Amino acid sequence: MINVVPFNPVHLKYLTLQDAQAADLETLGTPEYQELLLRGESFTLINNGDVIMCCGVFPLTANAGRAWALVDKDAGRGLIVASRKIAAFFKKSKYARIDTTVERGFVNGQRWCKLIGFINETPNGMKHYGDAGETYDLYGLYTAEMK
């Protein structure tokens, strides 16, 4: 059974990340970023006592937020149920628009965005977006009309 609890930065210590996300923890694990994550709508998913994902949305503007997710490499089948919970959460978000960026070569991340309902808004990619010049895609999800 998957439980959803409010995000606490301590939860990040219990994740063993996929190789493609290992560098993200260096950024998201900083006190400055954790403060930003806590200002948004963030939560942790726990499957049978194991943290399988920390994710949420942090504010960009009054109407737009940026989705983030760190997924344990052993999330396995729990990820399907978790994804349904996350999709429902995003639909109820206070943000009319939620977006996220995914490195072009991170196939699991691309697949997951589509599963949640995000649409790739940059089919040609955003070249040189990553720190090492990687190409990223920008995914958008519209949750509601302007409030």
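**Exercises: a helix crossing and a pocket**

α3 passes α4 in a right-handed crossing, the near helix being turned clockwise from the far one by less than a right angle. The model is predicted, and local features need pLDDT of at least 70. Residues are numbered from 1 along each chain.

**Exercise 1.** Classify the angle between α3 and α4, then list the contact.

*Solution.* Step 1: the two axes, lines fitted to C-alpha atoms over the stretch in contact, come within 9 Å and cross at roughly 55 degrees. Step 2: α3 is therefore oblique to α4 (under 35 degrees is roughly parallel, over 145 roughly antiparallel, 65 to 115 roughly perpendicular, the rest oblique). Step 3: α3 brings Leu 79, Ser 83, Ile 86, Ala 87 and Phe 90, and α4 brings Trp 112, Leu 115 and Ile 116; contact means heavy atoms within 4.5 Å. Step 4: seven of these are nonpolar, one is polar and none is charged.

**Exercise 2.** Describe the lining of the largest pocket by class and by nearest residues.

*Solution.* Step 1: 21 lining residues are nonpolar, 10 polar and 10 charged. Step 2: Gln 21, Asp 24, Ala 69, Thr 101 and Val 102 lie nearest the centre of the pocket.

Methods. Predicted model: local features only at pLDDT ≥ 70, side-chain atom pairs only at ≥ 80, totals over all residues. Heavy atoms only, no water. 1 Å grid on protein atoms, 1.4 Å probe; cavity = no way out; pocket = protein on both sides within 12 Å on 5 of 7 lines; lining within 4 Å. Nonpolar A, V, L, I, M, F, W, Y, C, P; charged D, E, K, R; others polar. Axes fitted to C-alpha atoms, helices over the stretch in contact; angles between N-to-C directions. Helix = DSSP H or I, 4+ residues; strand = E, 2+ residues; numbered from the N terminus.
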